[in-house]
Amino acid sequence: MDTPEQITDPLCYHGEGPVWSATWGGLRWVDMLAGDLLTLRGDGTVDRLHVGTVAAFVRPRTGGGYVVGLERGLGLADGPDDAPTPQPEIWSDPGIRMNEGGCDPAGNLYAGSMPYEKTPGAGKLYRIDPAGAVAVVLGHVTTSNGIDFSPDGTRAYYNDTQTGGTDVFDVVDGELTNRRLFHHGDGGRPDGLCVDSAGNVWVALNRVGKVRCYSPDGGILTEVDLPLRLVTAVTLGGSDGRDLYITTSREKLEDPEPAAGAVFRLRADVPGRPVLTYAG
């Protein structure tokens, strides 16, 4: 596999959550702790929209616009470049913030929280249905991170980063059941993830500067090395869905690598898969 190409300057303190969608013209991601959404335009420039104290994740909405994770809840925008309207907070504790999120094939949004102090078990994974009803899916997580679903919707893959591994659930009647370890991070901290149309699972391994691709049975298919330590998240996109986009961070690094905070692209030549959207 080729070496990843750096496609932006190191613009972010903590880049996260890359998502490709034609509805906003290509790639969008967040500078999480700056509270900004970033959009890569066709001419290579990057637009930045401030949405709040935290911008935890962004996903397209089925009816247009997008949903963004704010510090303690969600924001909804009707147009791709509109500012989001904050919705009622999901919790009130100022020591807990939103982190990563993703959607299932039915259009439900899964949004996870984490304590600022990384207190073990103080976060939760929530499901927000298209009507806006909120349910707790997992009640004791620490750093809720990437979540995505198999192409047939029967499996969900999930990272609570502090566990050091990626977990898998069976999806039965829309519920996540039978949680079990899918694969250890082998010293890396599993962060964002995505699933391609063959069911392979791409996981960003923070702290060790790698992206790893697993087969549906948990075998390691390939590893991608980045020239920095803090690799945060991945998505598939491009005109044919076969480009892998990788976000990075320089959060709390006293001596960050020169490219830390940039976005990278790799021609993965794997079957891409449309991003699942929020129906709310």
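Modeller: A strand here is a DSSP run of E, at least two residues long, numbered from the N terminus. The model is predicted, and the following account rests on that model. Strand β11, residues 109–115, pairs with β12 in the antiparallel sense over four bridges. Within that pairing, L109 has I128 of β12 as its bridge partner. Strand β13, residues 134–141, also pairs with β12, again in the antiparallel sense, and here there are five bridges. I128 takes part in this arrangement too, standing opposite V134 in β13. β12 and β13 form a hairpin with five residues between the strands, and in this hairpin G132 takes a positive phi near 95°.

As for the cysteines, the count of disulfides is zero. C12 belongs to no disulfide, the nearest cysteine sulfur being that of C194, 18 Å away. C12 is also buried, with a relative accessible area of 1%. For C103, the closest cysteine sulfur is likewise in C194, at 14 Å. Because a disulfide requires two cysteine sulfur atoms within 2.5 Å, that separation of 14 Å is too far for a bond. C103 also counts as buried, with 3% relative accessibility.

Conventions:
Residues are numbered from 1 along each chain as its sequence is written. This is a predicted model: local features need pLDDT of at least 70, side-chain atom pairs count only at pLDDT 80 or more; totals for chains, interfaces and linings use all residues. Side-chain values use heavy atoms; hydrogens and water are left out. Buried means under 20% relative accessible area, exposed over 50%, partly exposed in between (1.4 Å probe, protein chains only). Two strands pair if DSSP finds at least two bridges between them.
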